[in-house]
Amino acid sequence: MTSPAISVKDLSFSYGENLAVDGISFDVAEGEVFGFLGPNGAGKSTTVRLLTGQLTPQAGTAELLGMDIVSERKKAQQEMGISYESTNLYEQLNAVENLNLFARLYKVADFDAMALLERVGLSGREKEHVANYSKGMKQRLMMARALVSRPRLLFLDEPTDGLDPVSTQTIHALIETATREGTAVFLTTHDMVEADKLSDRVAFIHEGRIVALDTPAALKQRFGLRALKVEVRLANGQTELREVTLDESGTAQAVHDLFRNEHVLTVHSEEATLEDIFIDITGRGLQG
Amino acid sequence: MDVQRIWVLMGKEIRLGLTSFMSIYVLVMPVLLSLLVALIFGDLFAQTPRLGLFDAGGNETLVQALADHPSIQTRSYASQAALEAAVARGSVEWGMSLEADFANVLREGGAVARTNTYRWGEAGARSLMLIEAAVARAVVEATGLVFDELPVNVEVGQLGKASTATWSQRLLPLLLIMAIVLSGLFIPSSSLVDEKQKGTLVALTTTPASLLDVYLAKTAVGFILSGLMALIILALNNAFAGNPGLLLLVIALGGLMSSILGVILGSLSRDMETFMGIIKVLGLVLYAPGILEIFPQVPQWIGRVFPTYYIMNPLLEISRNAARFADVALDLAILIGFIVILAFVLAREIQRQQQQLALEG
């Protein structure tokens with residue numbers, strides 16, 4: 001049995017008296033996209049900093065590909081790529097120079113910057129200073145930089161925040177390709193649709209603790225209710241909206257009765273979003 | 001510490017430095033000032049010593065011998081007063097007023113041959129030595145006397161205020177400090193502040209490169225640039241004399257102190273505004289020994305209070321007075337002491353900054 005890409009046990013960290021991460025535990029498998037969701041101040045960033053070796057845990061352990069992030073920090077960092085929420089590229093350099101710099105720091109042999117730029121859709125603009133790039137281009141270059149070392153672990157912090165659909169699609173495709181090649185992806189995002197679409201499993205963090213962890217489907221199954229929204233025409237000619245809750249014992253009969261007794265105009269299925277579930281569990285939204 | 005990564009990071013520092021206004025400013029400014037000083041005070045385009053002559057008559061052979069001398073320029077004046085005025089304003093560095101038949105009287109002996117000589121107060125030692133040698137040779141040529149038997153006593157009168165150094169010599173210490181400190185301190189510190197502000201430092205330190213690698217690369221680049229700049233400034237100011245090995249040692253130690261101090265300041269500064277605030281205060285302290293050298297009337301011991309004195313003074317002693325190691329050993333020991341203290345502070349600062357970066361992300 002192979003060891004998980006990330007294995008976290010009872011990890012804790014506090015800033016003074018403020019407990020930012022409170023004894024969290026989870027595993028991430030190789031090739032898995034692990035969505036890490038929570039509002040600002042919930043402990044997401046601190047967790048990422050602990051896992052990427054920027055912070056030293058005050059309690060608990062974190063192993064990346066079997067390497068302890070404290071005692072084998074630099075060795076573990078050799079295997080990871082990180083894309084930050086804020087762009088932190090060398091803007092006076094061009095894209096090739098940015099990528100080559102990091103390839104040399106990772107000591108990547110036979111690195112082909114042009115091939116990587118082709119993958120992120122930046123070929124043709126490789127000689128321009130990064131300062132002239134749009135936000136989407138910079139974010140794609142950040143993603144390319146994270147992939148320079150052919151990492152087995154990718155930490156992506158809001159990788160598509162504020163991007164145009166084309167850039168978003170490019171980044172989603174890169175994530176999918178990376179996971180197919182066995183790379184584990186630790187994804188922190190506010191975008192619930194993105195998390196739902198990309199993540200194999202998601203963890204909700206709230207006040208430093210993981211309050212839910214499962215596949216999006218299982219979470220919806222467990223915490224959310226699926227329903228049918230049915231628009232019917234009444235005898236007086238007016239319309240009315242009816243709701244039939246799914247996954248209950250009387251659902252089939254209710255749907256049958258509705259279609260037999262009412263003049264049904266439209267039917268829409270509806271399921272709980274991850275945000276609905278988060279609010280349901282914590283009593284507060286993800287944007288807060 | 002990884003030497004290969006430090007090398008890569010040094011390449012990045014130099015590449016970014018080529019496009020940084022701050023780097024261009026600190027590299028170009030001392031050179032421009034050197035050229036300006038040399039231009040204004042005459043050392044750049046008037047390297048040949050200038051001798052002024054007034055001949056009361058009968059000294060054509062001697063005057064011609066001086067005019068033919070390849071190492072000096074001679075200018076003739078119609079009167080002793082005109083000669084004195086030319087020396088006083090620095091048109092010539094040395095003036096000789098030859099009495100009638102000076103050379104003949106000298107050749108024949110018996111009677112006393114007299115000449116009044118005048119020296120410009122800011123004439124450099126090099127010019128004076130060349131002129132003296134040229135005059136002695138011309139006298140030998142014109143009179144046929146054997147040099148070591150010349151029956152001449154020369155009494156030198158000086159016009160204007162006495163000064164032991166030219167303006168360019170007085171400004172050289174400040175230029176040297178600017179060269180070493182500006183490039184050694186400003187380039188690593190401003191680059192570090194910039195990297196902190198733009199978040200690239202976090203990106204670097206989450207690769208296998210460590211913060212120590214990053215800091216060492218910045219220190220090394222500051223060290224190299226400050227050394228190069230010091231050599232350029234010494235060359236531009238014709239101050240390359242003395243023991244070159246010793247000179248290089250002082251330049252290296254000075255560059256090391258400046259670059260370590262620069263990295264510490266850059267690391268402590270939260271942003272460029274804070275950094276510039278620190279520099280405004282610290283700049284005076286760093287430049288003080290150089291500024292004091294411009295004003296010889298100020299007691300020079302005050303300069304010893306400032307750390308950069310221990311870079312500047314040995315450099316000047318070696319380049320001006322051909323000082324040996326023993327002459328500057330105390331200054332070098334103090335300089336090394338400063339470097340050791342700064343290295344210790346830097347080691348502590350790296351630990352603090354590592355935590356700070358993690359907290360700020």
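Predicted model: local features only at pLDDT ≥ 70, side-chain atom pairs only at ≥ 80, totals over all residues.
Strands here are DSSP runs of E that hold at least two residues and, like the helices, are numbered from the N terminus. On that basis, A:L65 sits in the loop between strand 4 (59–64) and strand 5 (67–68) of chain A.

**Two loop residues with positive phi in chain A**

- A:L65, in the loop that joins strand 4 and strand 5 of chain A, has a positive phi of about 50 degrees, although this residue is not a glycine.
- A:L65 has 20 C-beta neighbours inside 10 Å and therefore counts as buried, given that the cut-off for a buried residue is 20 or more.
- A:D110, which is not a glycine either, has a positive phi of about 55 degrees, and its place is in the loop between helix 3 (95–105) and helix 4 (113–119) of chain A.
- A:D110 counts as exposed because 5 C-beta neighbours lie inside 10 Å, the cut-off for an exposed residue being 12 or fewer.

**Domains of chain A**

- The domain assignment divides chain A into domain 1, covering 6–219, and domain 2, covering 225–270.
- Taken over C-alpha atoms, the centres of domain 1 and domain 2 of chain A are separated by 44 Å.

**A three-stranded sheet in chain A**

- In chain A, three strands form an open sheet with antiparallel pairing, and their order is 12-11-13.
- Strand 12 (239–245) and strand 13 (263–270) of chain A each have a single partner strand and stand at the edges, so one side of each is left without a neighbour in the sheet.
- On average, and with direction ignored, neighbouring strands of this sheet are turned by 20 degrees against each other.
- Strand 11 of chain A, which spans residues 227–233, pairs with strand 12 of chain A in the antiparallel sense over seven bridges, and A:V230 has A:R242 in strand 12 of chain A as its bridge partner.
- Helix 9 of chain A, made up of residues 251–261, packs on the sheet and touches strand 11, strand 12 and strand 13 of chain A, while its direction makes about 160 degrees with that of strand 12 of chain A.

**Chain B as a whole**

- Chain B has 361 residues, of which 46% count as buried, and its secondary structure comes to 13 helices and five strands.
- Among the contacts in chain B with a separation of 6 or more, 79% are accounted for by residues 24 or more positions apart.

How values were computed:
Residues numbered from 1 in each chain as written. Chains lettered and ligands numbered in written order. Pairing = 2+ DSSP bridges. Helix = DSSP H or I, 4+ residues; strand = E, 2+ residues; numbered from the N terminus. Axes fitted to C-alpha atoms, helices over the stretch in contact; angles between N-to-C directions. Contact = placed C-beta atoms within 7 Å. Domains from an automatic or database assignment.
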